[in-house]
Amino acid sequence: MKEQKINWKKILYHNNTVGYIFSFPFLFGFFAFTLIPVLVSMYYSMTNYKLGQNPVFVGLDNYRNLFTDDRFLNSVKVTLIYVITSVPSKLIFALFIAYLLTQKRRGVTFYRSLYYVPSLIGGSIAVALVWKTIFSRKGLANTILASLGFPKLSWLGEPHLAMGILVLMSVWQFGSSMIIFAAGLKEISPTYYEAAEIDGADKWQRFTAITLPCLSPIILYNLIMQTITAFMAFTQAFVITQGGPNDSTNFYALYVYNHAFKWSNMGYASAMSWVMLALISIITFLLFKTSKFWVFTEADQ
């Protein structure tokens, strides 16, 4: 039998070839840097693997040990406090600024771009160092307090103040949510407001009865995205407080990092990562399930 020659020209000019070529970088990145590391992490979470040593399978021991680890339980508590305080504060402030910047005023486009800048640089090491300097013992915050006759505060030495600084930094990074809110506000039909104004509704009534319901799908989107982001908070605590004082800012991601790269407990850190994935999935699921009670859609009209 004659060997069949591969018709490379036919394959090269096939309609699907271009699609395969353009999708290859994504597929390679997905398998090499997402899927395979996730599967490896799942395996390591059931071992006592330490960096530089051979992993030994221990089953679910790492998961059982998590719930007897006081520092782990504290990191969950601290992270939940951070999420509950920072996410609503950021969204309320972002919505307020978006509302102001959708009014017909001079220079609105410039201010909209300016307010977005913190979101571009807010998570960087450099900005975290600036915040740490501002709230240090001899920083700008205490200099202002002293000039006004108030005593200096140990911003980074008091648990509640340290957490407040990290929450404030999160709120400062409101730009991405603001842009999304601004886009949603522009999509609300002005006829709704005109009808409400004819009926005698004031500004607050128009905001609560028209703006918030029409904006509720976007509020849900921002709420979910910012909640996930807050659960993964790491840079601020790592640079500004190092998890202190007294573990009051020892965020979940920071505790995972310390176990993985500071103490070389890669198996334990992998188990923590999977618990975090489960926790975020449950909270996201609950947000979606409860959204039917407060998210307005066109079908509800």
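Asp69 lies in the loop that runs between helix H3 (61–66) and helix H4 (70–101), where helices are DSSP runs (H or I) of at least four residues, numbered from the N terminus. This is a predicted model, in which local features need pLDDT of at least 70 and side-chain atom pairs count only at pLDDT 80 or more, while totals for chains, interfaces and linings use all residues. Residues are numbered from 1 along each chain as its sequence is written, and side-chain values use heavy atoms, with hydrogens and water left out.

Although Asp69 is buried, it has no salt bridge, and Arg71, the nearest side chain of opposite charge, is 6.2 Å away; a salt bridge would need a side-chain nitrogen of Lys or Arg within 4 Å of a carboxyl oxygen of Asp or Glu. The side chain of Asp69 does make a polar contact of 2.8 Å with the side chain of Tyr268.

A search of the whole structure finds 20 aromatic pairs. In one of them the ring centres of Phe28 and Phe33 are 6.3 Å apart with planes at 85°, so the pair is edge-to-face (centres within 6.5 Å, planes over 60 degrees apart). Ring pairs also link Trp131, Phe135, Trp155 and Trp172 into a cluster.

| Residue | Relative accessible area | Class |
|---|---|---|
| Phe28 | 48% | partly exposed |
| Phe33 | 63% | exposed |
| Ile210 | 11% | buried |

Ile210 belongs to helix H11 (residues 203–231), and its C-alpha is 7.1 Å from that of Tyr192, 18 residues apart in sequence.

How values were computed
Phe/Tyr/Trp six-rings, centres within 6.5 Å; stacked < 30°, edge-to-face > 60°. Buried < 20%, exposed > 50% of the residue type's maximum accessible area, 1.4 Å probe, protein only. Helix = DSSP H or I, 4+ residues; strand = E, 2+ residues; numbered from the N terminus. Lys, Arg positive; Asp, Glu negative; His and termini not counted. Polar contact = N/O pair within 3.5 Å; in protein donor to acceptor, adjacent residues only side chain to side chain.
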